[in-house]
Amino acid sequence: MSKNSVKPLVEVENLKKHFDINTGFLSTKPLKAVDDVSFSINKGETLGLVGESGCGKTTVGRTLLHLYKPTGGRIWYDGREIRTKEDISYLRRKASMVFQDPYSSLNPRMTVSDIIGEPLDVQKKYTNKNERRDRILELMNYVGLNSEHASRYAHEFSGGQRQRIGIARALAVDPELLVCDEPVSALDVSIQAQVINMFVELQEKLGLTYLFIAHDILVVRHISDRIAVMYLGKMVELSDADEIYNRPLHPYSKSLLSAVPIPDPKTARERKRIVLSGDIPSPLNAPSGCPFRTRCPYATEECATSMPQFEEVSKGHYVACHRVNEIN
Amino acid sequence: MPLLEIKDLHTYFYTDAGKVKAVNGVSFSLERGKVLGIVGESGSGKSVTAYSIMQILEGNGEIVSGSIKLDGQELVGAGEEVMKKVRGNRISMIFQDPMTSLNPTYTIGKQLMEAIMLHTNRSKKEAYDRAVEMLRLVNVNEPLKRMKQYPFELSGGMRQRVMIAMALACEPDILIADEPTTALDVTIQAQILELMKSLQEELGMVIILITHDLGVVAQMCDEVIVMYAGSICEQGTVDEIFYNPCHEYTKGLLRSIPTTSDVEKLMPIPGTPIDLLNMPKGCPFAPRCENAMKICIKQPAETIKINDNHTAACWMNVKKGIDEGKIVFDNDMEGGDLQ
């Protein structure tokens, strides 16, 4: 990983998460949801994580917070390696998560103030009831909810407002790092922009660091400083957001970016699209060598035999491709 | 004569909480060989418009008034017998979720053949050949093997191809695609959109593409209808809508999405989506509109022709027209209303 002058808040090295899948009576097979992923997130930065369904982006987020126990690899938070139970509880006080679906991630039997207050109860963040109430109102204020909403239930709110409740809850423990797993994809377009802007404002106000997981590349590019692209459990490219958008080097990133529908008819007509043939292989039967080789227009024999290294090709631009120099 | 002509369509749902005016006075017509996009947010009535054309509304919904003419033939009130001949034969539909629209207990082949035999006079053998031919047309690899497989054995993109094959098996004049790629990944979405576009050019059919994704609209459509709260805000060619939007909602929508070049802040539309049970008296978008005038709250805007390829229903255009002297001041209006 790069040794920048800025000290990274999170460092992940060769992170692995394999799930055992039953394939028959008494037989299991490992599903390599995340395989050998390394990256770091600097303090105050937004790292966007993009990829298609099943590529392991959600698993990276969850494993990072030890919501899943890693199968292998190491995680450091603020220089402290996360290994023991104490480390995990330290991490949970520093980092929290915003989930995708604001309809199923909030308890329908709890009022908004209890939903937001629950993490405060668990972490014992207050000394008396007034302090608890004030903190809840402060959090609601952060995300643009009124104090009169406090006694209502989640079903009384629209999708965008529910997502605000989820964010307020995530902010309750006063975290430094927020892992946001598809936080805007369930929302309508006009509401999406409100929530995205709120993420930006909260970052400026509270100095938050984000791992922003999403499949919508235009949204990720808008909010992120750097972007990582994943395919079938592997990280294939990581770079500065504008750099990766304007000059993707990995053939998968190239085709992913060219497949994004651009909301501009003239650009859409003139643009050359790289339409990949075939489907994403099942992660249970991932191809040997480079996972992308079955759909890659540049694949050679070497790609089938060995997994390319995740290497820095120019400053801060990492790519895992054998032929990166020939095809660019 | 336009292929499809819809006039002042009203579709209401009767719920315990009250009457929901899901489609509230929609009119448009469609020529052959075009791709029409209908965009809007959830609850804007874009899907219900499509369901009304097919007359496959849920039990508590009904077409209250209006006219839907296919090649001059009136469909509203025509009866189930007529609709059975229209559905599948002349107008087909594909849905968002290809898993739930296929029957999990029958093979792909059986389902395709059933659709073909129901709508045409083909024998079983001919239907089988036609099914294989259709699977080839939509670029399903190994069609003979797929015929014997069940839906769960196929990927999402493959299932959507099967749905398209089924919809096109009887060569319909109109294909209604309701969010056909929303459940799919970006690279698979690109494949399906490419396929739909090439089939549309090859077979010369009309596609009505219902989507919330303005990127998909820009890529696929010739004409666009923007809907909000059951009515049409704006309608025009794709270039007119994107480069010359004339309704405050369309403008807001275009400002609120991240595009290729921006680095600045997004400009969201304030407020929350409309509650269809409590519709405002005037323009439905007025409560969220930053430029709302007095008249916007008082009465809904008339649809005004911007140019030959473009109409919009926004009072701002009336104000602009009066300011520029193109529209003569209406006696019913009070001067203070346009402020």
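Two residues are taken to be in contact if their C-beta atoms, placed from the backbone, lie within 7 Å. The structure is a predicted model, in which local features need pLDDT of at least 70 and side-chain atom pairs count only at pLDDT 80 or more, whereas totals for chains, interfaces and linings use all residues. Residues are numbered from 1 along each chain as its sequence is written, and chains are lettered from A and ligands numbered from 1 in the order in which they are written.

By this contact criterion, and leaving aside residues up to four places away in sequence, A:Phe19 touches A:Leu31 and A:Ala33. A:Phe19 and A:Ala33 are separated by 14 residues in sequence, and their C-alpha atoms are 7.0 Å apart. A:Phe19 belongs to strand S1 of chain A; strands (E, at least two residues) and helices (H or I, at least four residues) are DSSP runs, numbered from the N terminus. A residue is classed as buried if 20 or more other C-beta atoms lie within 10 Å of its own, as exposed if 12 or fewer do, and as partly exposed in between, with C-beta atoms placed from the backbone. A:Phe19 counts as partly exposed because it has 16 C-beta neighbours inside 10 Å.

Strand S1 (residues 8-24) of chain A runs antiparallel to strand S4 (residues 72-77) of chain A, and five bridges join them; strands are said to pair if DSSP finds at least two bridges between them. In this pair, A:Glu13 stands opposite A:Arg74 in S4(A). S4(A) also pairs in the antiparallel sense with strand S5 (residues 80-81) of chain A, over two bridges, and here A:Tyr77 faces A:Arg80 in S5(A). The two strands S4(A) and S5(A) form a hairpin with two residues between them, and A:Asp78 in the turn has a positive phi of about 55 degrees.

In chain B, four strands form an open sheet in the order S2-S1-S4-S5, with antiparallel pairing. Strand S2 (18-30) and strand S5 (73-74) of chain B are at the edges, each with a single partner strand, so one side of each lacks a neighbour in the sheet. Eight bridges pair strand S1 (residues 4-15) of chain B with strand S4 (residues 61-70) of chain B in the antiparallel sense, and B:Ile6 stands opposite B:Ile68 in S4(B). The loop between S4 and S5 of chain B contains B:Asp71, which has a positive phi of about 55 degrees although it is not a glycine. B:Asp71 counts as exposed because it has 12 C-beta neighbours inside 10 Å.

Helix H5 (residues 124-137) of chain B has 14 residues, which at 1.5 Å a residue should span 20 Å, and its end C-alpha atoms are 20 Å apart, which agrees; the expected span is 1.5 Å times one less than the number of residues. In H5(B), the residues B:Ala127, B:Arg130, B:Ala131, B:Met134 and B:Leu135 are buried. They lie on the same side of H5(B) because they cover an arc of only 140 degrees around the axis, the arc being that of the directions from the helix axis to the C-beta atoms. The buried residues of H5(B) pack against helix H4 (108-119), helix H6 (143-147) and H7 of chain B. B:Lys125 and B:Glu133 are exposed on the face turned away from the buried side of H5(B). Just after H5(B), B:Asn139 takes a positive phi of about 60 degrees.

A nonpolar core is a set of buried Ala, Val, Leu, Ile, Met, Phe, Trp, Tyr and Cys residues joined through C-beta atoms within 7 Å. The largest such core has 186 residues, among which A:Ala168, A:Leu211, A:Phe212, B:Leu112, B:Ala165 and B:Ile208 touch the most other members. Helix H7 (residues 156-168) of chain B gives the most to this core, with eight residues. Not counting residues up to four places away in sequence, A:Leu211 touches A:Ile41, A:Leu47, A:Leu49, A:Gly61, A:Leu64, A:Val179 and A:Cys180.

The contact between the chains takes 38 residues from chain B and 32 residues from chain A. On the side of chain B that touches chain A, H8(B) gives the most, with seven residues.
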